[in-house]
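Work through the exercises below with the structure in view. Each task is followed by its solution.

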Amino acid sequence: MGKKAICEECGKTITSKNDLVTTTALLKLTTYCKDCYVERIKSFSSLFVSNTPLNGKYSNVMSVIVLIALIPIMFIQDPLKYLLIILVAVYLLYRLASYLLYERHLD
Ligand SMILES: [Zn+2]
């Protein structure tokens with residue numbers, strides 16, 4: 001068993017994938033239940049909490065797009081490409097961590 005997904009805000013244990021929202025808050029992988037996530041991104045703390053959930057369909061599509069986008073970036077003759085590659089790698093690592101730590105343990 002992996003980590004239990006517990007809402008950072010209300011402390012509730014999240015038992016369903018549909019109720020789970022993983023995101024990054026101050027670079028830390030954070031889990032919320034759906035209700036708290038919606039409340040939180042509407043509030044002031046959206047400055048610190050990413051507005052894009054890491055899990056869900058949108059994120060899976062993004063991961064594929066990002067991976068495809070990485071191919072041409074590899075051929076760019078510019079040192080800036082390393083910055084892009086790092087950003088992409090960080091995004092994908094968060095995505096992977098979200099899946100491995102939480103999503104695969106839920107129905
Ligand atoms: Zn909650």
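The model is predicted.

**Exercise 1.** State how many helices and strands the chain has, and give their order along the sequence.

Solution. Begin with the totals: the secondary structure consists of three helices and two strands. Then follow the sequence, where these elements come in the pattern β-β-α-α-α.

**Exercise 2.** Describe how strands β1 and β2 pair.

Solution. Locate the strands first: β1 covers residues 20-25 and β2 covers residues 28-33. Their pairing is antiparallel and runs over six bridges. Last, look at the turn: the hairpin of β1 and β2 has two residues between the strands, and L26 takes a positive phi near 50°.

**Exercise 3.** Determine whether helices α2 and α3 are roughly parallel or antiparallel, and say which residues meet.

Solution. Take α2 as residues 57-74 and α3 as residues 80-101; their axes come within 10 Å and cross at roughly 155°. Angles over 145 degrees count as roughly antiparallel, so α2 is roughly antiparallel to α3. The crossing of the two helices is left-handed. Now list the contact: from α2, S59, S63, V66, L70 and I73 meet K81, L84, I85, V88, Y91, L92 and R95 of α3. Sorted by class, this contact has eight nonpolar, two polar and two charged residues.

**Exercise 4.** Find what percentage of the chain is buried, and what percentage of contacts link residues 24 or more positions apart.

Solution. Of the 107 residues in the chain, 17% are buried. For the contacts, consider those with a separation of 6 or more: 60% of them are between residues 24 or more positions apart.

Methods:
Residues numbered from 1 in each chain as written. Predicted model: local features only at pLDDT ≥ 70, side-chain atom pairs only at ≥ 80, totals over all residues. Axes fitted to C-alpha atoms, helices over the stretch in contact; angles between N-to-C directions. Helix = DSSP H or I, 4+ residues; strand = E, 2+ residues; numbered from the N terminus. Parallel < 35°, antiparallel > 145°, perpendicular 65-115°, else oblique. Left-handed = near helix turned anticlockwise from the far one by under 90°. Contact = placed C-beta atoms within 7 Å. Nonpolar A, V, L, I, M, F, W, Y, C, P; charged D, E, K, R; others polar. Buried ≥ 20, exposed ≤ 12 C-beta atoms within 10 Å, placed from the backbone. Pairing = 2+ DSSP bridges.
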